[in-house]
Amino acid sequence: MIIDHPLLGPRDAAEFTYMGDAKLIDRPDWQSDTAAQDFYEYGYLRDNPAGWHEELWFHEAGDRSWLVVTRNTVTHEISKVELARDVARAKGRSK
Amino acid sequence: MTQMNRLAGGQIDRNKTCKFTFDGKAYTGHQGDTLASALLANGVRLMGRSFKYHRPRGVLTAGSEEPNALVELRAGARQEPNTRATTAELYDGLFAKSQNRLGSLKFDLLAINDRFSNFLTAGFYYKTFMWPAAFWEKLYEPIIRNAAGLGSLSLEDDPDVYDKGFLHCDLLIIGAGPAGLMAALTAGRAGTDVILADEDFAVGGRLNSETLTIGDQSGAAWAAQAMTELRSLPNVRIMPRTTVIGAFDHGIYGAVERVSDHMHTPDAGKPRQILWRLYAKQTILAAGAIERPIAFENNDRPGIMLASALRTYANRFAVTADKRVAIFTNNDDGHRTAADLHAKGVKISAVVDVRPDAPRSMDYEVLQGEVVDTKGRLGLTFAEVKQADGNMRTLECGALGMSGGWNPNVHMTCHQRGRPVWNADIAAFVPGADLPAGMVVAGAANGDLSTAGALRGGAAAAKQALGLKGRLPTMPETEDKPINLKPFWYVEGCSRAWLDQQNDVTVKDVKLSHQEGFRSVEHLKRYTTLGMATDQGKTSNMGGLAIMAELAGKTIPEVGTTIFRPPYTPTAIGVLGGRHRGQEFHPKRLTPSHRWATEQGAIFVEVGNWLRAQWFPRKGETTWRESVDREVLATRNSVGVCDVTTLGKVDVQGTDAAAFLNKIYCNGFALLAVGKTRYGLMLREDGIAMDDGTAARLAEDHFVVTTTTANALPVYRHMEFVRQCLYPDMDVQLISTTEAWAQYAVAGPNSRNLLSKIVDQDISNDAFPFMACANITICGGLRARLFRISFSGELAYEIAVPTAYGDALMRKIMDAGAEFDVTPYGTEALGVMRIEKGHAAGNELNGTTTALNLGMGRMVSKKKDSIGSTLSEREGLNGDGQLYQVGIKPVDANDPVPAGAHLMNADGPIDAAHDQGYVTSACFSPNLGHAIAIGFLKDGANRMGETMQLVSPLTRVHVDVEITSAHFIDPEGERLRA
């Protein structure tokens, strides 16, 4: 596969490490009343769709960016590649 | 009798004669021959034995789809099994042997299997060898493996190298027949970057096998002219002897170039083969089509082959398989073979055509009917024909061409889960709409079986792929006839009629499999083995599908095909591995003191990719234990030095550096003073321990974090995840500096005395206490870092210098330490000393243990959020009965305490249900004089002093042990702070 890195352009997938569902960005609030349940769901309950999926890839043999790659798990078509940092900020994550 | 079956003409170079041997007998052929064509030229039809029944076999084809003529090529370490004689280029000195025989090829003792064919039908191994079970592994399987099978390996190291290469292009064209050449001309003239790859050594595809003309020249001459033009275009790269083996995601194709297979030995510095990764924006598949055989009784005798193969041998290689040839056909293409051979002076016994309206000939007899049986033990002698009028005829012939129609080569169109569709006009599957992205199919591969269709298709495909406007240029005049096929798969009533010659699958086997309930085509394949092995059913699958469809009362498209998967043709493991073998299997990382350690005669151990000194044997030491015990005692009694560069180092900088470390470590770092170091434990988000190490605060906004050697990469990846994905606005930067700094542990009561001679600053206990860290200088100005941390439990330091000075520093330490008898120690002594101190390492941080298990439960801060802190509080990971890290020592000091052994209650039963815990790390302690271990024990914190049974059924150990603190030496830590 080829991943179109937002900073570096098209790179071979062999340069990347895969981590899975980009929902891992949505780390729960540890002080919430439901923190235990929230972290359990965060850690263990993931979707495994046959189709479009937002997933995390790490450019380990490259610039060490974490990327959010929107990929069709059936066809391997990639429709969007973003810096995970930008996605995280857009979701309201900060410090 | 040399080359008795050689004809006139052809594209071989008669001025260049090649001597070769097959099964020990010497022959000659010419450059441009394949091994198969040269053997046929010499009258050799028998080239192999079949897989199961050991039936005599000759060539079926003239290409890479060959199921039968598999040979062992070359001798000695270069011997290669299962090489297709039909693609092996002849060279002077070629050495080949037939395979899968016991005795000689003519008198194969295992031919007896053919007599027992009734017992060896589809699935025989599921039915016959049911009991007793133990016999399967010991008796049946070795016998079957020995009897059934293909070639043998040399069992020597391959002396040749294999390379990997990467190429990019706008347009990849797979196949250089008429369609591929026309596509390459169209795209090449338009200035596109083109790669044209073909598995053959001669470019032109079927044009080299035919007598047809294109314009006013022969097809082969037209191909040669096209090649001349393409070679003149700098934007076109032509890759003959290059098989595209697979279509992968996003326009990536795998291809194997056989650089040196056509030579006796590769030229100096040249690889045998290259595995190319081709990145193509667009692809044209012009892989042609493969003719299919017809099933009739005994259709597998040497001399019976595809009619198109007979034509290739005659027109391209100037060879006939025999002086007398018959043809069995269901379409007009078979007649073309008869006409070509007749024109070359070969006698045509008859053309047998199943169609009532077959074309007639003035030159030879055309019979309407079917071939119903053949004769000839080691090669065809007679064919029995049942004519449409019911009369029987016996044809004398040494070769018989079968023409059952053509299957477009859709293989590559299916590698991305595409499914071919049925085309009734040619009774074959053609590419479907779901092609790999960017692929266009042209020519015979697309079902366009005429030469004119191929030229038109090639040009049109190039225009489509490149988005070129305008009309197609005028194509040269050439053959443009339909083949007028009448679907005909097998002769009624036949049973031992071969569909798959490679796997010995007959019509009878397919019928049997249907009877036994195998309805899916994938099940048929697995049960009968139809379409398996090196040819993957390129000539056999369609026949099997057709019979299956008939038996099930379905159409062929309803039955469907099995899935085509890469590689297209058999690919050597060697070329997939490339240069990554032996010492080069993975990269080797050497520590800064490696050269020095080598000079000391160190024994090295691989730790990940690192080579680390394991121990340093001295003269007179005969066992590793002697060396390790000496290194441990010398360190504890005076001073030792160990290269710890391999530990991961991550530089953490920024105003939020401390806040960041508070997130990744379960214990607190915000209040750590500048100039201090702290032990840190990292958890995974699920609460399990991930890694441990130290963080040294060199400045308010600057920490140096260490990780274990094995986890350097995953921990760094995790830290970047936390930084980028969870806290994107933290002002913190990370970089791995593992290889930038050489770092040595200097440990033992004399370590301060030693380092004082090197370090420029005051490192007295007051100036530089336990857990201090600082940027320092050594040797009068060289920048360095000093950490007062200890893994050994002794007064100890770790000193780091830029890697370039690593070798010099080690030599300096050894010089300065001579008066203290400084002793280098390796990873074994390091391990012994950390077990003596009860420090957890990889065996304890094993992916199942929590901070609580490790005896560090209270380290997990509840005042702050850190990765893993919430889930570490889960009920299941806490409360009574949790494992707890303990020390273990034998009651009898002479007893062993092996790692992996399990703890059982002193009076309890010994079984898994009563398991109390297990040993993770064990060693002999030279300081205590007996074996010691650390491990995990249920409620271990409350069981100090308890006597237990330690059992290891695997190593037959059963000893009494005492549970102790894991801190065997200096439990109060006085030495550390001295």
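The centres of domain 1 and domain 2 of chain B, taken over C-alpha atoms, are separated by 29 Å, with domain bounds that come from an automatic or database domain assignment. This is a predicted model, in which local features need pLDDT of at least 70 and side-chain atom pairs count only at pLDDT 80 or more, while totals for chains, interfaces and linings use all residues. Residues are numbered from 1 along each chain as its sequence is written, and chains are lettered from A and ligands numbered from 1 in the order in which they are written.

**Domains**
- Chain B is divided into domain 1 (1-155), domain 2 (162-289 + 408-466), domain 3 (293-404), domain 4 (488-552) and domain 5 (880-978).
- Five residues of domain 1 of chain B are in contact with eight residues of domain 2 of chain B, a contact being a pair of residues whose C-beta atoms, placed from the backbone, lie within 7 Å.

**Chain B overall**
- The C-alpha trace of chain B spans about 115 × 70 × 55 Å along its principal axes.
- Of the 978 residues in chain B, 52% are buried, meaning that 20 or more other C-beta atoms, placed from the backbone, lie within 10 Å of the residue's own.
- Contacts in chain B between residues at least 6 apart in sequence join, in 65% of cases, residues at least 24 apart.

**Contact with chain A**
- On chain B, 19 residues are in contact with 23 residues of chain A.

- In helix α7 (residues 307-315) of chain B, nine of nine residues are buried, helices being DSSP runs (H or I, at least four residues) numbered from the N terminus.

Notes:
A residue is buried if 20 or more other C-beta atoms lie within 10 Å of its own, exposed if 12 or fewer, and partly exposed in between; C-beta atoms are placed from the backbone. Two residues are in contact if their C-beta atoms, placed from the backbone, lie within 7 Å. Helices (H or I, at least four residues) and strands (E, at least two) are DSSP runs, numbered from the N terminus.
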